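Please open the structure in your viewer and keep the selection tool at hand. The tour goes from one selection to the next and says what is found at each stop.

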Amino acid sequence: MDYDLLIKNGQTVDGMPVEIAIKEKKIAAVAATISGSAKETIHLEPGTYVSAGWIDDHVHCFEKMALYYDYPDEIGVKKGVTTVIDAGTTGAENIHEFYDLAQQAKTNVFGLVNISKWGIVAQDELADLSKVQASLVKKAIQELPDFVVGIKARMSRTVIGDNGITPLELAKQIQQENQEIPLMVHIGSAPPHLDEILALMEKRDVLTHCFNGKENGILEQATDKIKDFAWQAYNKGVVFDIGHGTDSFNFHVAETALREGMKAASISTDIYIRNRENGPVYDLATTMEKLRVVGYDWPEIIEKVTKAPAENFHLTQKGTLEIGKDADLTIFTIQAEEKILTDSNGLTRVAKEQIRPIKTIIGGQIYDN
């Protein structure tokens, strides 16, 4: 069999030998060993791992915005990430412009459309409910079906003004009117209170910033236990997503949740240019290292940046090493080296392992990291 690309001598993160063949931008074969010729062959060194391409399901990468912005390839292909999902930077009025720019990136880019029609042009995009127009959101979803993979509502004090829980009620109506399209909900300081938010959220809705250290978060600070209503939401199938960000990941909250048996379903960064360049986020690999320090194992961490986000946002051609899936792969090493990690609240932990992407493959095209 003639392939376009053959990756030899690889292993999965749990140590199983794997070789992968790629033809016409798709995975053509996956096995412990593959024979056959290829136009190009990569022979991996011992101790090198390969996984489905990493997916960061919460970024901000529309470069024309002033508040939260970045460039897809700076947070994507250059960081071992094959696919990014912009989490509501743009709304129905400007998502087409974002789409046009996104098509120029090497990284796969998808978008969640903000229910506020101009997206995050200012911090309080949901303070004026006249900006929430269901017909415009539906039009954007219909006009960009291969780009828009969900909708976004930011439900915290600085965003909603005096509107309380109403923007989320509108978001749920929009979701129901659009074939139950995935919904991501940002949480932060009250109002609205987290119990109100979680009461409206349903199975498969994505709660981002799940381990923030705020009083309105999942941790009851007086008792140092996870709040009962947070457990109720978790157990009914609300998807808990990291969404690290500048102010939304706390080591102690994540560690307490894990100790009680609660784990994030997906790992994402909420990255944009300032927290990429100045921290505490930097990149997806660093966020993955933080969950490793918390106590997650590497195989589940990889699953939470591949299969899980692909399933949550219906990216059916991505997320797993299977024949016929898109030829998006991340090749990486895990080195036994110490590194000081800092969360959003200044708490530090010392990592004993560092995960380092060395090659990013997108649609069969190889990029060195």
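What follows is a walk through pockets, a cavity, a helix and some aromatic rings.

This is a predicted model, in which local features need pLDDT of at least 70 and side-chain atom pairs count only at pLDDT 80 or more, while totals for chains, interfaces and linings use all residues. Residues are numbered from 1 along each chain as its sequence is written, and side-chain values use heavy atoms, with hydrogens and water left out.

**Largest pocket.** Select F110, P145, D146, F147 and V149, which are the closest to the centre of the largest pocket among the 22 residues that line it. A pocket here is an open set of points on a 1 Å grid over the protein atoms alone, where a 1.4 Å probe fits, with protein on both sides within 12 Å along at least five of seven lines, and lining residues have an atom within 4 Å of a point. About 480 Å³ of space lies in this pocket, a volume being the space filled by probe spheres set on the points, which are joined across faces, edges and corners. Helix α2 (95–102), strand β8 (108–114) and strand β9 each supply at least two residues of the lining; helices (H or I, at least four residues) and strands (E, at least two) are DSSP runs, numbered from the N terminus. By class, the lining has 14 nonpolar, six polar and two charged residues, where Ala, Val, Leu, Ile, Met, Phe, Trp, Tyr, Cys and Pro count as nonpolar, Asp, Glu, Lys and Arg as charged, and the others, Gly among them, as polar.

**Second largest pocket.** Next select Y68, R154, H186, K214 and D247, the closest to the centre of the second largest pocket among its 22 lining residues. This pocket holds about 360 Å³ of space, and its lining has four nonpolar, twelve polar and six charged residues. Helix α4 gives the most to this lining, with three residues.

**The cavity.** A search of the whole structure finds one cavity of 30 Å³ or more, a cavity being a set of grid points where the 1.4 Å probe fits but cannot get out.

**Helix α5.** Now select residues 166–176, where the buried residues (under 20% relative accessible area, 1.4 Å probe, protein chains only) are P167, L168, A171, K172, I174 and Q175. These residues cover an arc of only 160 degrees around the axis, which puts them on the same side of α5; the arc is that of the directions from the helix axis to the C-beta atoms.

**Aromatic rings.** Ten aromatic pairs are found in the whole structure, where rings of Phe, Tyr and Trp (its six-membered ring) pair if their centres lie within 6.5 Å, and planes under 30 degrees apart count as stacked, over 60 as edge-to-face and the rest as tilted. Select Y49 and F332, whose ring centres are 5.5 Å apart with planes at 25 degrees, so the pair is stacked. Y49 lies in strand β5 and F332 in strand β15, so the pair ties together parts 283 residues apart in sequence. F332 counts as buried at 0% relative accessibility. Finish with F62, F98, Y99 and F147, which form one aromatic cluster.

Terms used
Buried < 20%, exposed > 50% of the residue type's maximum accessible area, 1.4 Å probe, protein only.
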